[in-house]
Amino acid sequence: MSDLDDFKATYFDECSELLLELEEQFAAIQAGDRSPDRLNAVFRAIHSIKGGGGAFGFTELVAFAHAYETLLDHVRDGRLQLTPSVTTLCIRANDIVADFVSAAKAGKSLGGNYGGVERAQFDALTTGHAAETAGAAADESLEDFDIDFTPVAVNLDTAPAADVAGEDSFAQPPLAAERGHWEIHFTPHSELYARANDPLLLLRELASLGELNVVAKLKEIPPLADFEPFGVYCSWELTLVSPTATAETIGEVFEFVEGNCDLTIMPLAPRGAKPAEANSLAELAAMVTPKADPDDAMPGFEALANELKQETVKRAPAAPPPVPKLLAGLAPVPAAAPPAEDADDRRAGPEDRRGAGIQSIRVDLDKVDRVVNMVGELVITQSMLTQQMDDMLKARYQELVRGLEVLAQTTRGLQDAVMAIRAQPVKSVFSRMPRLVRELAQKTGKQIRLETIGEATEIDKTVIEQLSDPLTHMIRNSADHGIETPEKRKAAGKPEIGTIRLSAEQAGGNILIMVEDDGAGINRERVLEVARQRMVIGPDQQLTEEQIDNLIFAPGFSTASEVSDISGRGVGMDVVLSNIKKIGGSVNVRSRTGQGTRMTLRLPLTLAVLDVMLVKVGPAPYVVPLSSIVETIQCARADFGRTPSGGKVLRVRGEYVQVVDLSERFEMSAREMANRFVVLCEAEGGNKVALVVDDIIGQQQVVIKSLEENFEHVDGIAGGTILGDGNVALIVDVQGLKSHEFHRNAA
Amino acid sequence: MDNLAYKDDYGTAPVNMQNSLQLIAFSIGEQTYGVEITTVREIRAWNGATPLPNTRDYVRGVINLRGTIVPIFDLRARFGDGQTSATKNHVVVVMSVGDKWVGMLVDAVSDILTVSKDDIHNVPEGNSLDTELLNGIVTYDSRMVGLIDLAAVVRGAKVEA
């Protein structure tokens, strides 16, 4: 059973990729790209979702996907125009497929009628065009969403030849068939082989159903000179005599190659006319007995060899064509041995292709994480080793120094390479947003367009995972509070369609993710009013515009006067802040009244390794994330002052900054300021805090370790890390120190 | 009971396993305490710890146990007897409490004891710290061994700010 569960997990993984693909393709289609590739990609995606769903028995999903597929089929062969309304319907259908997939994943049912409206629309669209073509009858007979193969031409390719075959076969009256006699036309596509399917196995499987007669059709095989190593030239006509077989059981045999072949299954009249083409000598020679010896070559292959032999003989006197070594054994040729390089070329071909076929592998994220962690440790050990080298040692052991330098380079390279494995383009998160925006636009009655920029920017997967929720909330916020209604926009002289721009870019060691809207901007008076009401700030506190803007991140803060299902509960933006904080990032808001709002997320490229400054407080080592440090100042040169309430402040460049003495805070002992250092840090929203430490030791990279794993959260501490000497150093939580008032507790 | 008779035939199980308890016994000053042997992960010598701010005095800090951070509790201080002035001869017993690993700083590990569950007595009322931190008391070789309630020891280590 666990095998099946594994398959299921893989299927759902694939589904989410395919759904993203759908989203992407339709974005391009909506943007005006009408190339058939787009539609084919959509078709493939839906088809794969359906296929897998069928294998696991997700009937609701399959039924809907099938109906959708029928519609797409109509669009693809031109029976239906891809009008904007059809596109919209398709996008809606994608969303529903996504819902079905997540329901299937959760093991739930969405009820028989879910997506019924869209299905009715599909039917209306497809049957409306149906009467004209033969294929339409097929759709109608499939209307009850039976995924079984019914005796009709299921035409999955647009190749003209296949089309003809399909129509022809359909023309045969199905009812005149005798029970148990079946005729099957099977034309594999190259993808079938590329996916490592073997027709022989399929034929054997069929043979197990009853008496099978196999005829290989070799008409398509070109002269050897035009022979493409990966071309598919062979198809089969099969007759199956089996009292028990049904279209369904036959279809099941081909279940896994569905979509990679043209397949026709139809009942056959007894002693029915043999297909006219099946009479050439070569084809007869290619007939194989159904219960072939497992060591036998593929039936088609044998025939191919024969054909080749004939061809070779024919041409041999003129110029001996090169024969792939592969075939040489099968069909001894009386011609001269082919030129060596040529044969090598041909042999190299398949191998290259095989190599190219496997471009990615699926690896459990846990395994990658383990590697990332170990590489992290390695980097730290390496930097520790380097630190241990004093000048005397350097002079004495030059070889060792050189070795260490190489080691340093290699570890850096290794680290980059490993991080690249886990890096993913932000596209995987961004592409979930169009659907969200569509739904928001629908719910709010606003017109919103989403622009995405920099989707290829890569971030560590662990960061990406934390990004989805914050982005959702930010976009909701923009759609609900930012963008105005079309009427208001018109009155303000703006285009009626509001724009939300989602962009990602790399800036040094950080990734900037921006959500911009061209809406009304933050209503500062309202924010201030609500903040005072909810006691987020004191009644007389004066704030700068920027500080007011950042109030929207306060927990429980919402300016929406009514709670809607989009926003207004006040849980949104503080989720953004806490999630981003958790991964060591920061959030910033800039707003211009009447022109729009821009929220910027600044995220670390990776979570595994942190650049830190190592400091000392009392006897204990602490580390401060380098990304939050603005500057360090000697206490003797620092300009301290006191507020009337007795708190310490630091004046730096005309700004007053709150001072947190870490000795007081952590050691609970007051110390002389002289000979100590101020580390000026920037917390979220550009708020600064000055930490006073006893000593600054240096800079290094550390791996973050959780304190909560075996203990619990400690105020002012963001975690721990292990130094080169094996001791634990604690990571200072700059934001936590800033936001919590210091309470001295007599323990 | 049949089971027991069967085992006796082979002479391999002198004590009814279902009713007995194996303890690791350790000493703090004159006192002997014990914890169930299955909770003990490892025993190591005291080698200092990084102090944790804003925690109770009996939290000695954290150590690096093969790449994970493990907190160390000073059992003497936990029982209200002041901080241990720890030396290299002091011992940290690493145990699992729930899904967490914690270290207990004690003076020495003395023995492995097998006691019968029937010999476990309730902690006499009186000293509230004892009733809070001990699950029971067993007598072994006329020594009194306090059974430590690890969950209770670990609870409430943080100073509420």
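## Contact between the chains

Two residues are in contact if their C-beta atoms, placed from the backbone, lie within 7 Å. In this predicted model, the contact between the chains takes 24 residues from chain A and 23 residues from chain B. On the side of chain A that touches chain B, helix H26 (662-667), strand S22 (717-722) and strand S23 (728-732) each supply at least two residues. By residue class, this side of chain A divides into 11 nonpolar, 8 polar and 5 charged residues.

The model scores ipTM 0.82 and pTM 0.47.

## Make-up of the two chains

Chain A has 747 residues, of which 34% count as buried. Its secondary structure consists of 27 helices and 23 strands. Of the contacts in chain A between residues at least 6 apart in sequence, 67% join residues at least 24 apart.

Chain B has 161 residues, and 31% of them count as buried. Its secondary structure comes to 4 helices and 11 strands. Among the contacts in chain B with a separation of 6 or more, residues 24 or more positions apart account for 55%.

## Confidence in chain B

Chain B has a mean pLDDT of 83, with 87% of its residues at 70 or more. Within chain B, confidence is highest in strand S6 (residues 91-97), at 94, and lowest in helix H1 (residues 2-10), at a mean of 41. Over residues 1-13 of chain B, pLDDT stays under 50, and for this stretch the model has 3 contacts beyond four places in sequence.

## The five-stranded sheet of chain A

Chain A holds an open sheet of 5 strands in the order S7-S9-S10-S12-S11, with mixed pairing. Its edge strands are S7 (448-453) and S11 (586-592) of chain A, each of which pairs on one side only. The twist averages 15° from one strand to the next.

In this sheet, S7(A) and strand S9 (residues 498-507) of chain A run parallel and are joined by 6 bridges. A:Ile453 has A:Ser503 in S9(A) as its bridge partner. Helix H19 (residues 433-444) of chain A lies across both S7 and S9 of chain A, and runs at about 165° to S7(A).

## The six-stranded sheet of chain A

Another open sheet in chain A has 6 strands in the order S15-S19-S20-S18-S17-S16, again with mixed pairing. Here the edge strands are S15 (629-634) and S16 (639-642) of chain A, each pairing on one side only. Neighbouring strands of this sheet are turned by 35° against each other on average, direction ignored.

Strand S19 (residues 677-682) and strand S20 (residues 688-693) of chain A run antiparallel, with 6 bridges between them. A:Val678 is paired with A:Val692, its bridge partner in S20(A).

## Helix H21 of chain A

Helix H21 (residues 468-482) of chain A has 15 residues and reaches 20 Å from its first C-alpha to its last, close to the 21 Å expected at 1.5 Å a residue. H21(A) is mostly covered, with 11 of its 15 residues buried. Among the buried residues of H21(A) are A:Leu471, A:Met474, A:Ile475, A:Arg476 and A:His481.

A:Ile29 lies in helix H1 (residues 2-30) of chain A. A residue is buried if 20 or more other C-beta atoms lie within 10 Å of its own, and exposed if 12 or fewer do. A:Ile29 has 19 such atoms within 10 Å, so it counts as partly exposed.

Leaving aside its neighbours within four places in sequence, A:Ile29 is in contact with A:Arg38 and A:Thr87. A:Ile29 and A:Thr87 are 58 residues apart along the chain, and their C-alpha atoms are separated by 8.0 Å.

## Strand S7 of chain B and its partners

Strand S7 (residues 100-106) of chain B is largely enclosed by the rest of the structure, because 5 of its 7 residues are buried. Strand S5 (residues 68-74) of chain B runs parallel to S7(B), and 3 bridges join the two. In this pairing, B:Asp74 has B:Leu105 of S7(B) as its bridge partner.

S6(B) runs antiparallel to S7(B) and is joined to it by 7 bridges. B:Val91 stands opposite B:Val106 in S7(B). The hairpin of S6(B) and S7(B) has 2 residues between the strands, and B:Gly98 takes a positive phi near 65° in this hairpin.

Methods: Residues numbered from 1 in each chain as written. Chains lettered and ligands numbered in written order. Predicted model: local features only at pLDDT ≥ 70, side-chain atom pairs only at ≥ 80, totals over all residues. Nonpolar A, V, L, I, M, F, W, Y, C, P; charged D, E, K, R; others polar. Expected span 1.5 Å × (residues − 1). pLDDT = per-residue confidence, 0-100. Pairing = 2+ DSSP bridges. Axes fitted to C-alpha atoms, helices over the stretch in contact; angles between N-to-C directions.
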